[in-house]
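Morning, everyone. One structure today, and I'll keep it short. Have a look first, then I'll walk you through it.

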Amino acid sequence: MAVQQAVELGDLAERLETARSIFVLTGSGISAESGLPTFRGIGGLWRTHRVEELASPAGFERDPQLVWTWYNERRRAHLGVEPSAAHVALARIEQRAADFTLATQNVDSLHLRAGSRNVLELHGKLREAKCTRCDARRPFDATFDPDAIDHDCGGMWRPDIVWFGEALPRDVLEAAFAAASRADLMLVIGTSGIVQPAASLATKRNTRAYVVEINPEETALTEQVDRSIRARASDVLPQLVA
Ligand code: BV8
């Protein structure tokens, strides 16, 4: 368990109490609290392959077995960890809030397992597979046999997540932009702010909220947020619900 540092939160607790509408955007940094590697933390590589290539339609086209092998490893990793105190704290904040939306870029289901309810999975979820051709879906609970990925409709089973170059689910994205635009307080937690359109939710073009970033490092959003707390999610969020 990471030792929590006492972080100067200023008026964040009061803002949380008085906010009418809260929007939270999370990235793989919050799942680092559960022991999963961050997306860029994988060093951008899995074995000898660039993750941006594997997580793309072209990468799947080129070698579906390899891509399934990578996702099998990630799915097993997801099932081998628990939601962190940070994930649980967000679920507590939601319970006390009048209007709360959590948009996550993560595909690991940890927010749902922590008890969060209004969760928008911007980049899909690794707990399901879908067919490339028809709209069949099936659970992806354990390993997917990379040699049995043909669907009887002639298509192939693929993870139900959004790859680079693919559009995010329209209904999910619209709900996220609507929630960001009505929020008066926004927390941006554990994302480098690089991947679009998710990161744009936290820019002044899409929200008039007071935006607070929680991240041990500077990010592509640091310049644009109202407050950037240089700390880990587990140093800040449990303190806010204490
Ligand atoms: C789209 C699922 C259009 C897959 C993911 C130029 C060229 C080509 C493309 C583009 C381009 N510019 C923009 C694009 C579009 C592209 C994009 O944004 N590329 C980036 C690389 C520039 N976006 C897309 O392709 C999107 N689609 O644009 O479609 C379109 C429209 C209509 C019709 C057709 C097409 C799709 C993007 C979705 C890609 N899929 N995930 C998978 O998981 O395998 S994205 C992937 O990155 C993960 O979801 C991950 O969550 C996400 C974002 O990364 P982060 O979460 O930010 O992770 P990262 O490691 O970067 O940062 C972690 C942070 O945590 C760090 O800041 C670290 O300091 C911090 N941290 C660490 N520990 C802690 C912590 N913080 C707090 N507490 C801690 N303890």
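**A proline in a loop**

Start at Pro197. Pro197 sits in the loop that runs between strand E9 (185–189) and strand E10 (210–214). Strands here are DSSP runs of E with at least two residues, helices are runs of H or I with at least four residues, and both are numbered from the N terminus. The peptide bond joining Gln196 and Pro197 is cis, with omega at about 0 degrees.

A word on the source. This is a predicted model, where local features need pLDDT of at least 70, side-chain atom pairs count only at pLDDT 80 or more, and totals for chains, interfaces and linings use all residues. Residues are numbered from 1 along each chain as its sequence is written, and side-chain values use heavy atoms, with hydrogens and water left out.

Next, Ser109. Ser109 is not a glycine, yet its phi is positive, near 65 degrees. For background, most residues other than glycine have a negative phi, and most peptide bonds are trans. Ser109 lies in the loop between strand E4 (100–104) and helix H7 (110–113). Its relative accessibility is 8%, so Ser109 counts as buried. The cut-offs are under 20% relative accessible area for buried, over 50% for exposed, and partly exposed in between, using a 1.4 Å probe and protein chains only.

Now the cysteines. How many disulfides does the structure hold? The count is 0. A disulfide here means a pair of cysteine sulfur atoms within 2.5 Å. Cys131 is in no disulfide; its nearest cysteine sulfur belongs to Cys153, 3.5 Å away. Cys153 is in no disulfide either, and the nearest cysteine sulfur to it is that of Cys131. Cys131 is buried, at 5% relative accessible area. Cys153 is partly exposed, at 25%.

Finally, the whole protein. We have 9 helices and 11 strands. The radius of gyration is 18 Å, which agrees with the value near 18 Å for a compact globule of 242 residues. That radius is taken over C-alpha atoms, and the globule rule is 2.2 Å times the number of residues to the power 0.38. The C-alpha atoms fill a box of roughly 55 × 35 × 30 Å along the principal axes. Of the 242 residues, 52% are buried. Among contacts with a separation of 6 or more, 65% link residues 24 or more positions apart; contact means heavy atoms within 4.5 Å.
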